[in-house]
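Hello,

Here is the structure I promised to pass on to you.

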Amino acid sequence: MSSPFVTVRYPDGAWELALSEKVPKVGDTLRRSGGKWVVAKAVEDRSGHVIVTWRPAPKPAD
């Protein structure tokens, strides 16, 4: 049975547990914690819990 929560990891080592209806996929862009992020990695463990690693989204070109 999959979990309704995902663990989110930030590049600085911080993490949080987030409620998510849809599991983010690699390449998805999201807004959270005052920033814009791109999913760099998403791994599901045997229990169905997903760990998502984010990286900062690129700045828009001027």
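How many salt bridges does the structure hold? There is one, a salt bridge being a side-chain nitrogen of Lys or Arg within 4 Å of a carboxyl oxygen of Asp or Glu. Glu16 pairs with Arg32, and their closest N and O atoms are 2.6 Å apart. The pair links distant parts of the chain, with Glu16 in strand 2 and Arg32 in strand 3, 16 residues apart.

Some background before you go further. This is a predicted model, in which local features need pLDDT of at least 70, side-chain atom pairs count only at pLDDT 80 or more, and totals for chains, interfaces and linings use all residues. Residues are numbered from 1 along each chain as its sequence is written, and side-chain values use heavy atoms, with hydrogens and water left out.

On confidence, the protein chain has a mean pLDDT (the predictor's confidence in each residue, from 0 to 100) of 86, and 94% of its residues reach 70 or more. Strand 3 has the lowest confidence, at a mean of 86, while strand 5 (residues 50-56) has the highest, at 92.

As for the fold, the protein chain has five strands and zero helices (DSSP runs numbered from the N terminus: E, at least two residues, for strands; H or I, at least four, for helices). Its C-alpha atoms fill a box of roughly 45 × 20 × 15 Å along the principal axes.

Phe5, Trp15, Leu17 and Leu19 form a nonpolar patch with about 480 Å² of accessible area together. Patch residues have over 30% relative accessible area and no salt bridge, with nonpolar side chains (Val, Leu, Ile, Met, Phe, Trp, Tyr) joined within 5 Å and like charges within 9 Å; the areas come from the Shrake-Rupley method with a 1.4 Å probe, and for residues only the protein chains shown count as cover. Strand 2 supplies the largest share of the patch, three residues, and Leu17 is found in that strand.

Finally, the largest pocket is lined by 13 residues, and Ser20, Lys22, Pro24, Leu30 and Trp54 lie nearest its centre. On a 1 Å grid over the protein atoms alone, a pocket is an open set of points where a 1.4 Å probe fits, with protein on both sides within 12 Å along at least five of seven lines, and lining residues have an atom within 4 Å of a point. Strand 3 gives the most to this lining, with three residues.

Happy exploring!
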